[in-house]
Amino acid sequence: MGKCEGGGSVALERPLKLWSLIIDSVRCGGGGLQRKKVEAAKKRHHHPGSEKLSELLKQPEWWENEEEVRRKEQVLEELKNVARKLGSDSDSLMVEGAADVRRLTKDDPHARTTLALLGVIPPLVALLHSPLDPNFNPHNQIAALYALLNLAIANDANKAAIVKAGAIHKMLKLIQSPNCNEAIAEAVVANFLGLSALDSNKPIIGSSGAIPFLVETLKDNINRESSSSGSGSSSNHSGSSSRDQAKQDSLRALYNLSISPSNVVVMLESSDVIPYMFSKLGDMDMSERILSILGNVVSVAEGRKTISSSVPDAFLILMDVFNWVDSPGCQEKATYILMVMAHKSYGDRQAMIEAGIVSSLLELTLLGSTLAQKRASRMLECLRVEKGKQVSAPLIQQQQNSGSLESERLDESSETMMMMMSQENKAVKQLVQQSLHSNMKRMVKRANLPANDFDFVPSHHLRSLTSSSTSKSLPF
């Protein structure tokens, strides 16, 4: 029993001693050696990974990122140096800074944003002041103008900041100065084009007096004194090219400004601008842009009145654009102008009908672009309703004045209306046949086929088509 108890006690005593040793080692820090062994094992286990990480850090792309950071720091320091030049009291340093801005912002959108944040716009605008002295140097003004122009490229915040800094007023004072020349005027036009792209700038530029200057530039009446140095055909060609660019820029700027209705009214104050634009329809370098401007002009009542009163052949000129099958954009814009004017004015509708617009619209529904066809169909519907009102008005008057013969007059009126509708259907059929014939002639002419060897005779299918067609079958 004792052995048994002793054996049991020995068996129980061993695990107790083991647990006591563990507890004592923890209390006394005896486990520190074990922890060191564990940490050493962890270090040995992670050592290969550390070596791999070191190797990754030494790869070229990591070092290239570091270079990129250093390069950006250098660029930022360069931009700060440019801002310091513009903030100096030295005119030569300021002009040098303006040239730097023009160079650095030509193709770099980040430089445009950074330089604006560094405050270069106010000193550049200040450089636009035109001193009235014989030693005036236009190159300084041109450097500032093109620096501002590049700062505004694809940057609405800079466009707003330039206008807010008073650049529009400065530019207008500059072109009114006797020291202004063609190069400065062209740079101002380019700035007006860029700044007018921002909607919030449109009313500011329009009310500043810039529109008359742009109109005069469009009509090629800008100042040309000492515009370029040198002589010979090459300089003349360069001057002509720059003038053409200035006219295109002024036309685009006027389009931007005409989007605002208040600017249309200002534009109309130049009494000959609308006739001038109509006279230039046919010049394919300008026609589509002019039609876009006229599309904005007719959105204003004053604009529609000016077109009707100042250009007697306006409808005929626009109807001629219907035949420009090679320029669907012009067709669509011309149709839009006529559609708006027909919708807004009874007098204009009558003038269009007298000018023969119905046949032109019928032809456009066959040959025009999809959008031009839709607009032509709407106009035909509008004109047909107008004609129906003209026919029905006398009938109503007859009904009101009739007494005992009311039914007889109604019968006569019905017969008259039927006869008129029959005549109208015949006219429509004839117009369709004429349109098909003229279109075929035009296609033959475009194909350069001998005219003597070709005589268009409508096929049986086309004859049956036109003979069975009525006004209801047309795409109204």
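Modeller: Happy to! Let's begin with Ser 292, which counts as buried because its relative accessible area is 16%, and buried means under 20%. Keep in mind that this is a predicted model.

Biologist: Where is Ser 292 found?

Modeller: Ser 292 belongs to helix α16, which covers residues 287–297.

Biologist: Leaving aside neighbours within four places in sequence, which residues is Ser 292 in contact with?

Modeller: Beyond those neighbours, Ser 292 touches Tyr 255 and Lys 333.

Biologist: Now for Lys 305: is that residue buried or exposed?

Modeller: Lys 305 is exposed, because its relative accessibility is 60% and the cut-off for exposed is over 50%. You'll find Lys 305 in helix α17, residues 301–310.

Biologist: How far apart are Lys 305 and Met 341 in sequence and in space?

Modeller: They are 36 residues apart along the sequence, and their C-alpha atoms lie 9.4 Å apart in space.

Biologist: Where is confidence highest and lowest in the protein?

Modeller: Helix α8 (residues 156–164) has the highest confidence, with a mean of 98. The lowest is in helix α24 (residues 460–468), with a mean of 42. For the protein, the mean pLDDT is 77, and 62% of the residues reach 70 or more.

Key: Residues numbered from 1 in each chain as written. Predicted model: local features only at pLDDT ≥ 70, side-chain atom pairs only at ≥ 80, totals over all residues. Heavy atoms only, no water. pLDDT = per-residue confidence, 0-100. Helix = DSSP H or I, 4+ residues; strand = E, 2+ residues; numbered from the N terminus. Buried < 20%, exposed > 50% of the residue type's maximum accessible area, 1.4 Å probe, protein only. Contact = heavy atoms within 4.5 Å.
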